[in-house]
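The sequence and the three-dimensional view come first, and the notes follow by topic.

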Amino acid sequence: MKGDGSDAEKKRAAESAATAVEDGMTVGLGTGSTTAHAIRLLGDRVEQGLDIRGIPTSFQARELAVEVGIPLTSLAESTLDVAIDGADQVAGSVLLKGGGAAHTREKIVDTAADRLLIVVDSSKVSERLDKTVPIEVLPAARTTVATRIEDIDGDPTLRAATRKDGPVVTDNGNFVLDCAFGTIDDPQNLSTVLSTVPGIVEHGLFVDCADELHIGEATGVRVEQF
Ligand code: 5RP
């Protein structure tokens, strides 16, 4: 049953995905309010004796994992069994991410995992993607990338910081252009085009990366497998 996109739905999705984590696993820890529930749940299980290592995708995920007692490792030291991450919009196995400006490290960690479990509330599910695509850019390339985005009929906006003058600065020291393309009919093609633009570090289109979608709904969880 479709729900209201509430925090309770986020928690249901996170609970569902967190049960896939078993003793001995290395787990990618995504960023955002939905994944935060999963990190807290895993922290509870670590306290009860679960033996796992986490690889965080952002400063926020690292801070929370440390707070709840999940031992950490890195991509240089470990391979990933599973990653749990959120999304801003999902259409089947295609995701839009980057609402928290963490999509570059998220894509690195998520695609390195044997299994990627995406956790979302029901408000994120859509027939087709039509939200803006977050694009992390090198600061020096923000104008050349913006021009290239306009050339392919996109409308870029430099993401502004809150409680700081000027733009958002990512964990990697870069800027984010939120780019409107209307309804995205061919996400694979857009992803490929964006990946060739000099100065783009990473974009928030995740095409066919997800293995499972855990959707928190009003009274339960729906799991889709790809
Ligand atoms: C961060 C992300 C997040 O996963 C995405 O924004 C979803 O966040 P939330 O669970 O808070 O809605 O991509 O860059």
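In this predicted model, strands E4, E5 and E11 form an open sheet, arranged in the order E4-E5-E11 with antiparallel pairing. Strand E4 (89-91) and strand E11 (205-206) lie at the edges and have a single partner strand each, so one side of each has no neighbour in the sheet. The points below begin with this sheet and then turn to the domains and the contact between them.

**The sheet**

- Two bridges join E5 and E11, which pair in the antiparallel sense.
- Leu95 has Phe206, in E11, as its bridge partner.

**The two domains**

- The domain assignment divides the protein chain into domain 1, made up of 7-126 + 208-225, and domain 2, which covers 133-203.
- To the contact between them, domain 1 contributes 13 residues and domain 2 contributes 14 residues.

**Area of the interface**

- Interface size is often expressed as the accessible area that is lost when the parts come together.
- For domain 1 and domain 2, the buried area is about 1,000 Å², and carbon and sulfur atoms give 53% of that area.

**Polar and charged links**

- How many salt bridges are counted between domain 1 and domain 2? The count is one salt bridge.
- Lys107 and Glu202 form a salt bridge in which the closest N and O atoms are 2.9 Å apart.
- Across the interface of domain 1 and domain 2, eleven residue pairs are in polar contact, with both residues at pLDDT 80 or more.

- Strand E5 (94-96) and helix H4 (103-112) each provide at least two residues of the side of domain 1 that touches domain 2.
- H4 gives the largest share of that side, with four residues.
- Sorted by class, the side of domain 1 that touches domain 2 holds four nonpolar, six polar and three charged residues.

**Ser195 and its surroundings**

- Ser195 belongs to helix H6, which spans residues 187-195.
- Which residue does the side chain of Ser195 meet in a polar contact? The partner is His203, whose side chain makes this contact at 3.3 Å.
- Ser195 and Ala65 are 130 residues apart along the chain, and their C-alpha atoms are separated by 31 Å.

How values were computed. Residues numbered from 1 in each chain as written. Predicted model: local features only at pLDDT ≥ 70, side-chain atom pairs only at ≥ 80, totals over all residues. Heavy atoms only, no water. Domains from an automatic or database assignment. Contact = heavy atoms within 4.5 Å. Buried area = accessible area lost by both parts, 1.4 Å probe. Salt bridge = Lys/Arg side-chain N within 4 Å of Asp/Glu carboxyl O. Polar contact = N/O pair within 3.5 Å; in protein donor to acceptor, adjacent residues only side chain to side chain. Nonpolar A, V, L, I, M, F, W, Y, C, P; charged D, E, K, R; others polar. Pairing = 2+ DSSP bridges.
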